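Hi,

Here is the structure I promised to pass on. Have a look at it first, and then read my notes below.

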Amino acid sequence: MEQGVEAGTGGGLGNLRALLAILQWWGFNVTVIIINKWIFQKLDFKFPLTVSCVHFICSSIGAYIAIHVLKAKPLIQVEPEDRWRRIFPMSFVFCINIVLGNVSLRYIPVSFMQTIKSFTPATTVILQWLVWSKHFEWRIWASLVPIVGGILLTSITELSFNMFGFCAAMVGCLATSTKTILAESLLHGYKFDSINTVYYMAPFATMILALPAVLLEGGGVVTWFYTHDSIASALVIIIGSGVLAFCLNFSIFYVIHSTTAVTFNVAGNLKVAVAVLVSWLIFRNPISPMNAIGCAITLVGCTFYGYVRHLISQQQAVAPGTGSPTTSQTNSPRSRMEMLPLVGDKQEKV
């Protein structure tokens with residue numbers, strides 16, 4: 001009887017910890033998205049490369065402090081050769097992903113950008129099928145139908161449509177998918193958590209982006225400094241967005257360890273809905289009823305896709321005639337999440 005009470009108490013505490021982890025993840029994620037949009041729209045700081053570079057610098061510093069000062073996670077040792085052969089290519093794709101997210105946010109509303117980012121499961125499956133010749137069963141393809149349909153409906157009915165922002169967001173989805181797929185091969189043998197991933201990739205991303213940011217946006221940033229009112233408060237907001245971007249990575253680390261893969265998937269899609277609602281309350285961008293329906297269909301489709309993937313992995317895990325863990329057990333969605341560079345929304349911030 002006492003053991004039952006203890007188990008119930010432990011389960012209650014575990015659920016509470018998971019709920020708190022999800023709420024703080026939502027808080028950091030939505031705050032980063034809103035602040036980035038605020039920087040582009042309200043502060044008139046229309047330099048997405050520079051904003052991304054600030055985020056990478058803050059993430060590099062934050063990861064160093066978390067590992068070497070706070071000892072939050074032990075440092076995973078990586079051979080110098082592997083840093084250039086494995087980490088650098090991942091960092092390049094990672095950099096493109098984050099930059100395109102910020103570029104899209106510069107031109108299109110948060111609600112539209114977040115809906116397009118939900119297209120990532122479809123681009124991941126299609127890329128694996130076309131480029132890597134990986135085959136999926138019919139349930140996977142069927143689960144993508146509402147995602148694709150919702151994206152089409154949202155795009156057609158978007159009142160603030162911008163082709164450049166739309167293309168940046170779509171290519172960003174391809175970059176996210178490429179990053180996810182490459183992580184499974186390039187990072188094979190390294191069990192990276194989100195903090196170590198940022199520790200190794202953010203400095204490379206800063207190095208990659210610094211020169212383009214200076215060449216393409218340096219003059220505009222200098223002009224902004226001389227013409228903008230309240231420079232001090234604006235700089236606090238810009239640097240603060242970088243600090244919050246790193247905190248978002250830390251929050252994702254705790255969510256992954258506090259929830260199941262299914263809960264993470266559902267919470268991720270609900271997070272998109274929260275971001276859309278909060279952004280609309282702040283920026284009041286026009287959303288038509290059909291546009292809202294398209295967004296809802298997309299999010300439901302993403303949840304259904306996650307459920308189908310989990311269902312298939314569970315069926316493979318209990319397949320008869322195997323005396324050892326199957327591939328799906330050793331490469332489950334949850335274990336793969338830990339390998340991915342989670343600097344962004346769905347891994348990824350923007």
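The protein has 13 helices and zero strands, where helices (H or I, at least four residues) and strands (E, at least two) are DSSP runs numbered from the N terminus. Do keep in mind that this is a predicted model, in which local features need pLDDT of at least 70, side-chain atom pairs count only at pLDDT 80 or more, and totals for chains, interfaces and linings use all residues. Residues are numbered from 1 along each chain as its sequence is written, and side-chain values use heavy atoms, with hydrogens and water left out.

Of the 350 residues, 50% count as buried; buried means under 20% relative accessible area, exposed over 50%, and partly exposed in between (1.4 Å probe, protein chains only). As for contacts (heavy atoms within 4.5 Å), take those with a separation of 6 or more: residues 24 or more positions apart account for 88% of them.

Helix α4 (residues 110-117) is mostly covered, with eight of its eight residues buried. Among them are Phe 112, Gln 114 and Lys 117.

Next, a helix pair. α5 (residues 120-130) and α7 (residues 163-186) pack at an angle of about 60 degrees, and their axes are 8 Å apart. Axes here are lines fitted to C-alpha atoms, for helices over the stretch in contact, and angles run from 0 to 180 degrees between N-to-C directions. α5 and α7 are therefore oblique to each other (under 35 degrees is roughly parallel, over 145 roughly antiparallel, 65 to 115 roughly perpendicular, the rest oblique). On the α5 side, the residues that meet α7 include Thr 120, Thr 124 and Leu 127; on the α7 side, they include Cys 173, Ser 177 and Ile 181.

For Cys 173, the nearest cysteine sulfur is that of Cys 302, 9.6 Å away. Cys 302 is likewise in no disulfide. Cys 173 is buried, at a relative accessible area of 0%, and Cys 302 is buried too, at 2%.

Last one: is Arg 284 buried or exposed? Exposed, with a relative accessible area of 52%. Arg 284 sits in the loop between α10 (261-283) and α11 (289-317). From Arg 284 to Pro 109 is 9.6 Å, C-alpha to C-alpha, although they are 175 residues apart in sequence.

Cheers

Technical notes: Disulfide = S-S within 2.5 Å.
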